[in-house]
Structure formats: structure tokens, C-alpha cells
There are 4 protein chains.
Amino acid sequence: MTTIGESEMQQSETNSAVLLIHCPDKRGIVASVTAFVYEHHGNILYLDQHVDAEKHIFFMRIEWDRDGFTLTGDQITEEFHQSVGSKFGMRWQLYFSYQTPRMAIFVSRRSHCLYDILARYEIGEWPVQIPVIISNHQDLRPVADRFGIDYHHVPITRDNKSRQERKQLNLLKEYEIDVIVLARYMQILTKQFVDYYPEKIINIHHSFLPAFPGARPYHSAYERGVKVIGATSHYVIPDLDAGPIIEQDVVHVSHTHTVGDLVRMGRDLEKVVLARAIRYHLQRKILVYDNRTVIFS
Amino acid sequence: MTTIGESEMQQSETNSAVLLIHCPDKRGIVASVTAFVYEHHGNILYLDQHVDAEKHIFFMRIEWDRDGFTLTGDQITEEFHQSVGSKFGMRWQLYFSYQTPRMAIFVSRRSHCLYDILARYEIGEWPVQIPVIISNHQDLRPVADRFGIDYHHVPITRDNKSRQERKQLNLLKEYEIDVIVLARYMQILTKQFVDYYPEKIINIHHSFLPAFPGARPYHSAYERGVKVIGATSHYVIPDLDAGPIIEQDVVHVSHTHTVGDLVRMGRDLEKVVLARAIRYHLQRKILVYDNRTVIFS
Amino acid sequence: MTTIGESEMQQSETNSAVLLIHCPDKRGIVASVTAFVYEHHGNILYLDQHVDAEKHIFFMRIEWDRDGFTLTGDQITEEFHQSVGSKFGMRWQLYFSYQTPRMAIFVSRRSHCLYDILARYEIGEWPVQIPVIISNHQDLRPVADRFGIDYHHVPITRDNKSRQERKQLNLLKEYEIDVIVLARYMQILTKQFVDYYPEKIINIHHSFLPAFPGARPYHSAYERGVKVIGATSHYVIPDLDAGPIIEQDVVHVSHTHTVGDLVRMGRDLEKVVLARAIRYHLQRKILVYDNRTVIFS
Amino acid sequence: MTTIGESEMQQSETNSAVLLIHCPDKRGIVASVTAFVYEHHGNILYLDQHVDAEKHIFFMRIEWDRDGFTLTGDQITEEFHQSVGSKFGMRWQLYFSYQTPRMAIFVSRRSHCLYDILARYEIGEWPVQIPVIISNHQDLRPVADRFGIDYHHVPITRDNKSRQERKQLNLLKEYEIDVIVLARYMQILTKQFVDYYPEKIINIHHSFLPAFPGARPYHSAYERGVKVIGATSHYVIPDLDAGPIIEQDVVHVSHTHTVGDLVRMGRDLEKVVLARAIRYHLQRKILVYDNRTVIFS
């Protein structure tokens, strides 16, 4: 893809590593982790930690500069396990800045979230590659074409869903996809599909969950006469609209707004809420625990 | 009650009348109503109208200066019915600015909404009289005392509720109360009670309804891991937390916030959301239709 | 231009007329205007009025259904002047829904506002035609090409400005442009240019004016250590960043945000603030008076 | 003071210590500080750090549980200096949870911020003692009396300012005041006064600074026709309204709002913005550097 316009690429050239950690809370965790980084000549760029005081769980995100760091990726895994991780019963994920995530976008017929994502992509707002768009309709193929991104039409009916999902899974494998964004994809994914990408499928739902789950939330909001409408981005789990919430926002409405107005105003919400959630994910800033998210700063 | 501090009384000295109207939508309504005001030498101060295009209902609020107006209150009622109201099948309410509403406050043990209301009252922010505070606890009597407002302790148990509600109703009658504010009053009113004050009991619920109705909404919000919490002010109807919504607002929260933090942040929301709802009511800016509110500007 | 995706066109098929009025405040204005509409068999769709109590100016927007209305456009102008307008010393503008405004977009090198506008345009969110994009750079030509919109490159230097502005004016004339949107167009227009399009040039400035006018507002905001950043859409007048404000919004920021973060977060603000302002303008909802805007509901 | 109503005291009984640190950025700071806490058997409760990448300054707030911690307060100071502070050229502040800050409130004639603060104080929302209220007017003495807080009337004129400020300073000394809140205190403090309490005087200004500094910001906002109004809480420095900003927020307004409406709506903003700033200060969450604030989470 060619880049259009003045680059506003915020990605530093930094060669960094990120560790996402959680474990039972205990004295000395931060000291041990930071000592590990320091002893191997890493310079901490960001550190954020959180303790769930009720469940006594410790969460941490640490990012350090690898310039001068004395361990390779594999060595980090091994050394960290031995000297820190095993001692505290940690579960951790390790990421490197040179590994750009590959993202697939699933759409149906509405274009607003897709355009929003692609416009951000084009100016390099996120560290991501978007090699493929998958849809159950042909409508948005011209948008994909304009941005030079592959578009696959995988129509879904009640009868062919499981077969078509296998087709989708093959495409995702073929394109080496790390994260899937449902940009107003109006199909419900099966448990089989979801289980392949735990905490890797980001959906945008057009209400402030848990209010108005399911279909036609703007109509329900109108009927109830609410004074705010919202949008919710969450990871997909097999239960519909019940996954861990990543981001939410709302906008004020009044009796003067028709359902059509709510739909229109909602589009602006959906775009920004989804974009913020994608950003958190791509920056490795999210840890999921107990169906809730920790969003590191 | 003596007034403390610099008066910031915004109430104009205007001698005005307000008509709240709704009827089936039809050509000529606005022309007829405004002609009525004009022909009797009224000067329109505000006019706001709304059409529910789906249900074909017309709503209107019109306020005019009565200086020089040629009709008395009773004459308005009669003349308006004959020359305008009956023609369009209108239902209407007529208010005069000299009629200051009398408001009762029901509280339990939490003081934040009560203080907020009384601080506004003391500087004359609203056109209202507050002669009485009623509570099922003694805790907030000192607050009432400080502001020189009568305080009645009417303890409620499962067994005495209906008797105690009669006692409350007698007090409301005695104090000639027009509107009741439940300022974090933790009791559920019976249908019998509610039916005495239709669209005259304003509650503050500590969630963005319809999410988290009932008890302990902040705990539920925490459990669900939402990223916004809200507050909702609504008129009370016999169904719990299901009445027409007057005002809502939200605040952003994160994983770092404990339930205690949500309670604390929620207090600030509850205060302003309730205060805005009270203001709309006192200014005769609310029409209820089909369990939804029209809030005139 | 072909329409992509499911049409969400909110534009009703209504054949309506809009009157924007202002005049000295006086008794009987609303009655006279609404009687005029009613007597010629118009059905009022919206009516909003405002009185500047300090300056005694009356403002009104009235929109009515022309189906069955007994006057043609020219007749309205003549009749309204004779029976209402002259009597109250009114200044008014008359618009018809069949007249779709023609909008030109001026851009420099940043694409975010342009994409946002074109994505809305493509789904028919606004009643508008966008026949031309004008830029002092070539960068965004591919975007225009993708959407099938003419793109004219009119490079500006200190020396050629007045000549190039004449070229721009000729283009605007040729394309029969009614309204100009400066979608992060980084050039200052001369008084000569601005005077051709009074209250018809909409700019987006990337700060909450009057704070941080001029160049590099995000840098200034960062330097001052503000906790909110904003965006302002306003009509252009010869004085830089001093025109009547149409819409503003803000987003919270913190010490953790670099200037680059402010730029990124600001883009999302700029898009929605500009889009809202454009919508108000296209819906004929703005009256300018004394360098302030009345935005009708 | 007696506590009214159900206690909502969020203060933990934790016996904790807080260190606020800043120094030139360098490898190993976090590891050293956390090792210091760990080696003396402290359990970290919160840790937040920030690096100003431009100026290469490192900022940190660390709070640990002192139960079982092996150093006394004086020993911490000494040991930390020797083993950590001196090595990195740190400047630091050390606080203990048992030291409840003592706060004075300065007011003039408006009561809204004062009531808001005292209502929070009464339910124990903040870890603070408020022994004294100082005013240049007598108006709010009754409020102080109601809450049982000493009230000192120190009238200020152009001629007696320096003498009266000395009187105020004596009172502050007498009451052992740690932090001063200007809760709509309409006097400008002299440089002499301010220099006694650097980063210890919190003001609320009724605009979104740097817009509309000085007097009558709501009038200026109205004149300029802005669509948002704001409030700013900041530390006082000798330059008027130019101190480091702690917190800001805004509310949307429209052409329908009079200056009186802005004043009324602004009161609600001022209350919450000031309250949030006070909370940050009392929780030792603020570091000032280069006239900007770092607000730790």
C-alpha cells in the first residue's frame, strides 16, 4: 500500500520488548521484574502495574528498550522463567516491537467503521498490517479495492455457517492473521470459531452494554427514552455481547432525535470507540482476567 | 430561611404563564396557539415545539409575559379551551410564575444529594419552596436543622409500610407539597403511594438505566467491568426503575477503580443529574408521553 | 459518484421550505409567521425561536411541508415581504429542500478530515453535492480520485497568493459552489477572498478558541500543560481564528501524552467537530449575529 | 466535628508511606527504588512512573505498606538518600498516611464550592482536617458555624492588603495549615504570600485557561460566543492564573444560555474540578515540574 499525505507516523523506531504479567500478589514482584530488566542492561520505557485488592492478583506491563539488552528473545523467555516467572507463579506474554501484528477486518454492508480504520491505517496511526477484509456481502469490495487490500466474499446463511467459517479460518491462517476486528460485521460467530482466537477478536456493539444487547439497540434505546446512547468495544466470547469490555463511550440525545438520528450519531461513537480499542490491543496494553480488562496506561 | 452569601437568584421578576400542550398533530396548531396569545396582548418569551413523527403527536411549551395580558388565569382556561384546545383535541397544563412549587425531599442516610439540593436552594438557584424533609432514619436531622427545614422521621419496616406511607401522605398534604424528590431514599414506594403523585415524584438511580436496575448497581457495574458508570433521574412509576427518564449522565472509569471509587465518583454524578432533573421539572419543561419525556429547551 | 454499501440516507423525501429570520423583538412575530404558513396551507415541520433578551433581537427558523402549499418560491418571497417581513423589519433567508448545496473542500496534506467528510458523503449522510477538492499540494489527489471527485492543485506561495486566489475563485464559480470547507487547509485566506463568501467558509481550528489561536496550537497546549485539548469550527472572517464559532468540543489529556499524542487525539476531535458544523450549515440551522451563532435545534 | 449520616469513609486503615521522586532519567531507577522497598520488607501498594522523553526527566510515585517495614521515618530519609537518592541525583518528598493534612479554606461571598467541600469533608471523603475558614467578608460565617469550623473575617482593601495578609499568615501558622484552598476567593494574593506556600495553594478559576484569564470570564465567554465553558484548578503562583494546571473540565453551552446561565452551569463545574484537584493533592499524587503537573494514577 502506498502512503498518502504527510506521514503522521507516531511509531518510534525504538526496538523494544513488552512483558504482560499476572500472578498472585506477593511482596517483591516489581523489584524482581525491574531488576531482571536492569541486570541485562534494558532501559525501562514504561511501567504500569495494578493490584486487584479483592482477588489478590498482581498485573503488570513493562516495556523496555532492547538497545544494549543482553538477551535475545528466546533467552528472555528462558531466563525470565527461571529467575522471576516460576518464583511468583506468573503467566506472561512477551512481545517485540519489530513484530507488527496482522489484522483482518470483517464487515457486512456498513462502511463507516471500515473507512475510519483504513484512513488511520493509511497515515500509519497504528503499528499494524491489514492484508485482508472478509465480508458476507459484496458491497464494500470497492472500498477494499481503493485501498489495495484483498477482499474475500464469504456469504453466510443459516445452513452454510459452519462450512463458511472454516473457509474464513483458512483465510485467516493463510494471511497469518493475529487479530480480527468485527467492524459492524452483523453475523454471530460460533463458539468453534471464537475458540480459535481467544482475546483476539474485537467487536463493536452499538449500545452501552450491558444495556441493549443483541439486535437493534438504537431502536430499543429510542423506545426506552434514554438520554444517552453508547457504544461498547469488547473481546468476543461465545456468549453474545458478554465478553470483556475494552472501551465504552456515550453521547447525549434528546426527545428530538429519531431512531435515524441515533443511528447517525451512533456511527461517530462506534468509530472512535472501536479505534481506541484496536489501539490498546495493538499496543499490547490489555490483559483480560475474569472477563474484565486491565488497560495499561 | 435566611439567605446566605451573595444572592445569585436567576429568577426573573417576570409575571409569566406557561402552557404545556400535547395533541394529535395537525396543520395550524402553532398558528392558533400563538394567535391566542397575541390577540390577548401576551408577549411570547419562549416557544418550543416537537412532533413525534411516528405517532403523529404534537407537543408544545409556550411561555408568555402576562404584563398587559388581557385574561385572568380562569379566563385563560376557559377561553383557551373554547377557541383552541377543543378544536385540536388538546390536553394541556397551565402554570403561572407566581405559583412557586413546594417540594418535599425524601432521604435515607446519605447526605450528598441533600446538601447539594439545599446549597442550591439557599442561593435561590430554583423557583421553589422546600418546607419539609422526610426520612426513614434520624441521621440527616442535623442537616435539616442547620437549614431550618422541618424534618420528619417516618421509619419503615416490611410490616408497617402501608401505615407509614399514609403518614407520609398526610404530611405531604399538610405541607401542601407539589413535587417529591427522592434524594437517595432507599425505600421502594408502593403503587398506592405513587398513584397519588403521578409524574410528581423524581428519583435518582445510580446507574445508566436500563443497565443495572435495582439494588447495588455500582457493585454490578464493577463485576461487569464497564468503562462508564452513570446516573439516571426519572419519574417514579409503580414498576421499579422503569419510569420515564428525565436526565442521564455518565463518567469514565477504569480497572483501577474499586467499588468504593465507583460509589464516590457516582455521588458527583447523582448530584448533578438529580439537580438538572429537578430544574427541568420546576421550570415546567417536561411533558411525559408513552413513558418517555419531552424536555423543552 | 456511485453509492457504496447500504444506504443510510436520512434525508426525507419531504418537499420543504425553510425560513431563517431575525428582526427587532416585538409582540406578534411568531403568530404572524405561523399564520402566514398556515393560511397558505403549509404544515410546520420544525419551529425554533430565540430572543436575545439583552439586544432585543428575535431569531427564528421555521420549516414547513410544501405539499399543498399554495405559493411558489417567488410568490413566497413577495407575499412574505408584504404581509410579514416589512411589518417587523425582518431580514430573512429562504431555502428549499430541492436545492442541494454544492460544497468545495480545501485541503493541504492531512487526510483525516477529508476521508471523514467523503465517507459521510458516500453514504448520503448530508444533503450535499461535493464536485471539487482544491489543494495547495498534490498529496491528496489519490483520495479525490478514489471517490471520483475533481481535484485541482493550486499551489500558493507568498508571492502568488492573490493570483492563485483568483484562480480558486474562478474554480468555485465554475463549479457553482455554495459553501467552502477548509478541511485542515493550512493557508490563510485574504480578506478579498473571504468577502466573496461571507458566512459560507467553514474552518476547523485545532484548539478550543479563543485559547491557542494561530499556528501549532497542540504544541502550545502541551507547553501550557492543559488537561483538555479542543477543536473549534467557525466561519472564516478576515481576522484570523476570530470568526463566529459554530461548534466546539474537547477531550481530556494528561501529562502522559506527548505532542504527538495530542495531534493524534486532536484528529478525532477535528473530524467530528467539523462534521457537526457542516451538518448545521447544510441544514440551514445557523444564523450569525454580532459574530456569534444561533444554532437552531 | 461530628459525623453525619452513614460513613462512606474510603480511607483504608493502611499504615503506608508515599515517595514522590524526580530526577534525570537513567537506567536502573525503578529497580533501585523497588529493591529498596523490598529489602526493607515493604509491600508496594501503588507504583506509577513517567518519563518526560523530551527533557529526560524521570518521575515516580510509590506507595508501600509499612506493616513489617523495617525502617522508621527518619531512617527511611537517611537510608534512601544514601543507597538510592544520591546515586541518581533525586529530589524526593516522603509522606506517611498517619499525617493527615490540615487545610484552610479561603472564601469571599459565594457558597457553592464551600458547601461542596464541607459536605465531602463531613462524610470523610478525603483524608484531611479543616480547622479554619478565612474570608474577606462576613457572609459565609453562618455556613462555618453550622459545620462547627472556626471562621475568621479578614477584610482586604487596596491599602491594608499587606498587613491583612500577615494576619492571614499568622492564622495559617497558628492552625498549622499545610494546604490552602481558594474556594472562589476573589482576592489576588501577593507574591510575598504565595512564596510562603509554594505548590500548596489551590485555586479554582472559572474558565478553561489559558482562555479568559482574569475577571469576569463568563461574561467574556458569552461575548465570544463559545460553545463550551470550563473551569480550571491550578496551583497559585505570583503570575495571575498562570500556575500549573491540576484539573480542567468543560460543559457545552449554546446561544440560548444567558450570562446568568453560564454562571449557574459554571458553579457545577467549579465544584467538581476543585474537588478533584483537592483530592489529588491530599493523596500526594501531584508533582510539579516546569510549571506543569504530573498527576499520578
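The legends below describe close-up views of a predicted model. Local features need pLDDT of at least 70 and side-chain atom pairs count only at pLDDT 80 or more, while totals for chains, interfaces and linings use all residues; side-chain values use heavy atoms, with hydrogens and water left out. Residues are numbered from 1 along each chain as its sequence is written, and chains are lettered from A and ligands numbered from 1 in the order in which they are written.

**View 1. The two domains of chain A.** Chain A is divided into domain 1, residues 2-96, and domain 2, residues 102-295 (the bounds come from an automatic or database domain assignment). Taken over C-alpha atoms, the centres of domain 1 of chain A and domain 2 of chain A are separated by 29 Å.

**View 2. The axis relating chain A and chain B.** Chain A superposes on chain B by a rotation of 180 degrees with 0.0 Å of shift along its axis, at an RMSD of 0.0 Å (least squares on the C-alpha atoms of residues with pLDDT of at least 70 in both copies). The C-alpha of A:Ala211 is the one in chain A nearest the axis, 2.3 Å from it. Both copies use the same surface, as 100% of the contact residues of chain A recur in chain B (contact means heavy atoms within 4.5 Å).

**View 3. The contact between chain A and chain B.** Chain A and chain B each give 32 residues to the contact. About 2900 Å² is buried between chain A and chain B, 53% of it on carbon and sulfur atoms (accessible area, 1.4 Å probe, that two parts lose on being put together, summed over both). On the side of chain A, the residues that lose the most area to chain B are A:Arg224, A:His255 and A:Arg292, together 26% of what that side buries.

**View 4. Elements of chain A facing chain B.** Two or more residues of the side of chain A that touches chain B come from each of β2 (43-52), α7 (217-224), β11 (245-252) and β13 (292-295) of chain A (DSSP runs numbered from the N terminus: helices, H or I, of at least four residues and strands, E, of at least two). With 7 residues, β11(A) gives the most to this side.

**View 5. The axis relating chain B and chain D.** A rotation of 180 degrees with 0.0 Å of shift along its axis superposes chain B on chain D, with an RMSD of 0.0 Å. This is the relation of a two-fold axis. In chain B, the C-alpha nearest the axis belongs to B:Arg146, 3.0 Å from it.
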